Every structure is written in structure tokens, then in C-alpha cells.
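Visitor: I would like to be walked through this chain, beginning with a pairing between strands and ending with the whole. Could you take my questions in turn?

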Amino acid sequence: MKVLIDGKEYNLSPDSSGLVKITFTKQTKDAIEIGELEDCSGTTLIHEIQIEQGNQATTYEDPNLILGEATGLISEIRGIEYAISDPKTGLRSQITMLAQGFEQEVNDTIGNYSVQGQTVDGLFAEISKVNGNVNRIIQNADGTSQLITDLNNDYQSIKSTANLYERIIGSTGDEINQNISRIIQTSDVIQTEVAKMDLATNATLTSKISQLADNINLKVSSDDLLSQINLQAGGVLITSGTNKLNITPETTYIQNATINSAMIASLEADKITTGTLDAAKVRVINIDADNITANKTNFIQSNWNNITSSVRIDGGGLLSTASDGSQVYLQNGIVGARNPSGATIGQIGYAYQTESPWYSMQVSYGSHFQIRMNRGAGELNKQAFYIISGGTESYLNTDNIYLNPSSAGRVRVQGAMTVDKDLRVEGTVLVRSKLEYLNGGFIESQEANSNMLIASTNKLIMYSNGTQALEIDSSHAVFRRQVSENSDIRLKTNIEDMPIDSLNAIANIEFKKFDYLDGRLNNYGIIAQQAQEYLPELIDTDSQGYLMVNKSAMDYVNMHAIQQLNKKVDDEVDQLKARIASLQDELIQLKGV
């Protein structure tokens, strides 16, 4: 049996104790190399080596059992480097030991290696492959850090201390975009972040979720654009740019909203503080005159007389004078008309005809115009109000029309009716199809589908109790009151958990900036056709066939997505904790070895 020492061949002849003693001369200051002969068969296994100065070997002593002061050559050793190589496979293992610590390395001839070491300050380990993959771990009393990289510039970094956990996964593989996701956890906060940067333009798209004990914040930003949802026990704030939706236990505030369809269960007009309601575009019924707080008589008389000189109000009644001098007057329950000369040409009053038991009120002007109201017996045993014209068109021209049929009767206008001023009706008004206003706008009931259309040439403004409640124009709908919807469990049935994966839906629905074909510019939102793929229950079709999004339900989908994301983060954190605990157990076992 032979062995090579510094390239020289020596015979191995054990003595009776099983020890082999070799004396050799070291020619250089390099490390001593011990190897086996290439043409030897079998394997030489050396359990222990003792090296001494001099030409006489002393009794072998196990270094592990030396408790006293070292003697001989070993007393001068400040470090030990032990290397084993295999010329056939190219594998090489080396251990370096110093007083400060030790290092162990295993490598091959093509560049793969693994190394680990230990000092009084901590542990380190690194595994590297020629394909560019590297895994590096550093552990000390403060914590543990790990970095994993590959040839594609993908990387993962984990940092763990007593009060912080951070994990980063990134990629710059395509040399165009840099992607990164980060999880940070302390005793006070959990934060997740996903970012994408265009390396050519430095444009950055970022989403971030921060969770504290009293607050959850979801934020998505693209350069100067920012949208976020902030949840607290006292309310929810949704912000997109400068537009805000603020929900508290008492109120819901929408800064700027366009609502295609809404049902308001209760609207308090006294909450409307700004804006103007155009009375020409609003139909108001049942106005209580007692709510006029000023002197009613003086208010009506003085203000009316200041408005126009053609109609006067005084203690005797009301007098209307035309430009030709003709007049219409109301005095003592009689409405009369005078010609420019002052002669009475007709009156409307209450009379009873004894020779024919029926009541009649009538004003006639030749054969071209007649107003008559009859009530009598036989064929005349009915109530009727007639406007008769001998020409092509009939006009009823006065300041106000007051129509009050009996409970079983109705007021009917056959054909078109034009009202230049006010029309007051107590009871039901039946309109065949369309009620149109001279200064623009109309209300129309579509016979084909029973839809009700309300159109305005400018703004549609609604008042309640004297204050503005709603204002709608071509681009905005402004609510001056809280927007609420019924949510009492007593009104609900078939209650079950949300059947949809809200987080997946929100993650896949693309948020866009766009212009409407009707001229509304710089809008933000989603595309209904794409949202329909993930949230079909939130998509409806209007009367013209266009898709609409139920924004009220979308708010609940967003909140459900946040709950799912929170659970997902909690699960991942629990998995990471379990993994860290497992790694720590493995490390303890490695230390024990």
C-alpha cells in the first residue's frame, strides 16, 4: 500500500499498533499535499494524521483528547487547511480552520461550488452554479438575510430580525421593465407592494396595501396618478386623483359622480346647500301657502305690481290691461272682459237657470271662440267644460288655469295643449305621451315600452323643501344629500357568502383612461365588456343597448377583495413563519452535527 506526499511515493507499512510512520523532507513552504496513486486499486482511508518535526516519530496522540498545552510542531500552527481532490471527477473539498473561525468549500472544475463558514459573529453559506444561480445566507445575532439570484436577473431577498420581516422578489430580465414585489411586516404593520418600472422612461406603476391595527390602506399609483381606498373603524375613504368618496356611519359624500341609474329611499331637501333649481324644468305640486313667511297679501301685491304695469292688484280685485286698452277683470267672484271702449263684452260667474234646471257659465266672442260649463238633467246631466273654436286653433290665454274635477271625473285634452305660464291641477293628470316645455325640455311616457323620459336642454335640478337636492347636466350628477340604500336584514332573504372571487376579478379588470363619444374628456374607469367576464352580475343593459356598471355593488366587491387580500397575506405570513421555524430547526440540527 502506497501514498503520495508532496508528489513523492511512500510505502505504507503499519506497525503492530496499526500506525504508519513516514519521515519526509519538506522542500517548500507550500501546504503539504497527500494523495493516492492513480494506478492503485481500492480506496485509502486515512483516519488521523500527526505531523512532527525531527526524524523520530513519537507516540501518536489523538488531538481531540489534548487538554493541556500543545507541544511540538502543532504548537506553532495558527491555522489548518485540509483539502481533498479527486482527479477523476474533478471534485475538490477544502476545510480551512483559524482561531477566528472555519470555512468549508466544495467545488468542481467547471465553476460550481458551495461554501459555508462560521465565526464568533455568525454563520454564512453560499451555493453557486455556472448557470448563474446563486443562493447566499448570512446569519448573526441580529437576524438572518438570504439572497437568491439567477442568470435572468431574477432575484429574491429575505431579511428577518427580532422586529422586522422583509421579503423582496424582483426581475429585470427583459432589460425594459423592472418588476418587484415586497412584503414588510413588523409588530405594528403589514405592508405588501408590487411595482413595475419602465427602464426607458422611468414610468412607474405601483400598488401597495398597508394594514395597521386601526387602518387598512390600498393604494395604486402611476407616476402622478393615484387611486386609493382607506378603511378605518369610523369610515371608508375612496380617492381617485382629486375625486373622493367618503363613507362614514352617518353620511356618504361623493365629490364628483355620474350615476346612470339610482333609487334614493329618502332625500332631505334641507340638506341641499348650493346650486339653483330651474322652476321651468320642475313640476311642483301641493305647495302650502302657509309656508310663505312674509305678509302674503303685501308680498303678492307689491311685487307683482312692480313686475308689470299691464296687470294690477288692488283692494277691488285684479285688472289686466292689453296694449289696445281692452281689459279682463276679477271682482266679487266675477271674471269679466271689457273692450278698448270700456264696455263689458262677457262675464264668467255662477248662475242658476230656473226655466231649465242647469247651471251655466259661458263667455262667447262671435262664432270663433266659446268657453262653456254646463250641468243639468237628462242628456245634460253631466259636468263638462268646453273650449270651442271656429278657427284652426284654440287658445286659452290667462295667467293661471285651475282645473278641479270631481272624484269620479277627469280633465282630458284631446290633441296638443300649449301652456305659456303655470298649470295647476289638483288630482290626477293624464298625458297621452309627451309633456313639452316651450323653453326646452320635456317629459315623455313611451307607449311601446312604458319608459318615462325626462329631458332638459341644460341642467335638471331638483329641490325638496326649498333646498336643492339633485343637479344633473350632460357630464355630472351632483347629490347634495346622503346616498343610502336599504340593508336591513329584515328586508333580505337567500343570504349567503359572496360566491365570486372578488380579488381575482379586481386583479384582472383593467382600469382605463378614456373619452366619451359625447364629448366628455379625461374619464377614468373600467370597460363594461371586460368587467362582464369576471363580474356579470354587476353589468346591466340600458334602453339603448349599452352596458352599465352597478357602482354601488362594485364598492362592495372592492371591500370583499380587500378582505380576501388580507386573508391571503395572513396565510402567506403564516406559511413564511412556519418555513422560518423549519429552517431554524434545520440550522440547529446542522449545528449539532
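Visitor: Which residue stands opposite G79 in β5?

Guide: This is a predicted model, in which local features need pLDDT of at least 70 and side-chain atom pairs count only at pLDDT 80 or more, while totals for chains, interfaces and linings use all residues. Residues are numbered from 1 along each chain as its sequence is written, and side-chain values use heavy atoms, with hydrogens and water left out. Strands (DSSP runs of E, at least two residues, numbered from the N terminus) pair if DSSP finds at least two bridges between them. β4, residues 79-85, and β5, residues 92-98, run antiparallel and are joined by seven bridges, and the residue opposite G79 is L98.

Visitor: Which residue in the turn between β4 and β5 has a positive phi?

Guide: The two strands form a hairpin, with six residues between them. In that turn, a positive phi of about 80 degrees belongs to G90.

Visitor: How many residues lie between β5 and β6 in their hairpin?

Guide: β6 covers residues 101-107 and pairs with β5 in the antiparallel sense, over seven bridges. Within this pairing, M97 stands opposite F102 of β6. The number of residues between β5 and β6 in the hairpin is two.

Visitor: Why is one side of β32 and of β34 left without a neighbour in the sheet?

Guide: The open sheet has three strands in the order β32-β33-β34, with antiparallel pairing. Because β32 (434-436) and β34 (452-455) stand at the edges, one side of each lacks a neighbour in the sheet, and the reason is that each has a single partner strand.

Visitor: Which residue of β33 stands opposite K434?

Guide: β32 pairs with β33, residues 442-445, in the antiparallel sense over three bridges. Opposite K434 in that strand stands E444.

Visitor: Is G342 buried, partly exposed or exposed?

Guide: G342 is placed in the loop between β24 (334-338) and β25 (344-348). Buried means under 20% relative accessible area and exposed over 50%, with partly exposed in between (1.4 Å probe, protein chains only). Because its relative accessibility is 41%, G342 counts as partly exposed.

Visitor: How far apart in space are G342 and G325?

Guide: In sequence, G342 and G325 are 17 residues apart. From C-alpha to C-alpha, their separation in space is 8.3 Å.

Visitor: What percentage of the chain's residues count as buried?

Guide: The secondary structure comes to 41 strands and four helices (DSSP runs of H or I, at least four residues). Of the chain's 593 residues, the share that counts as buried is 18%.
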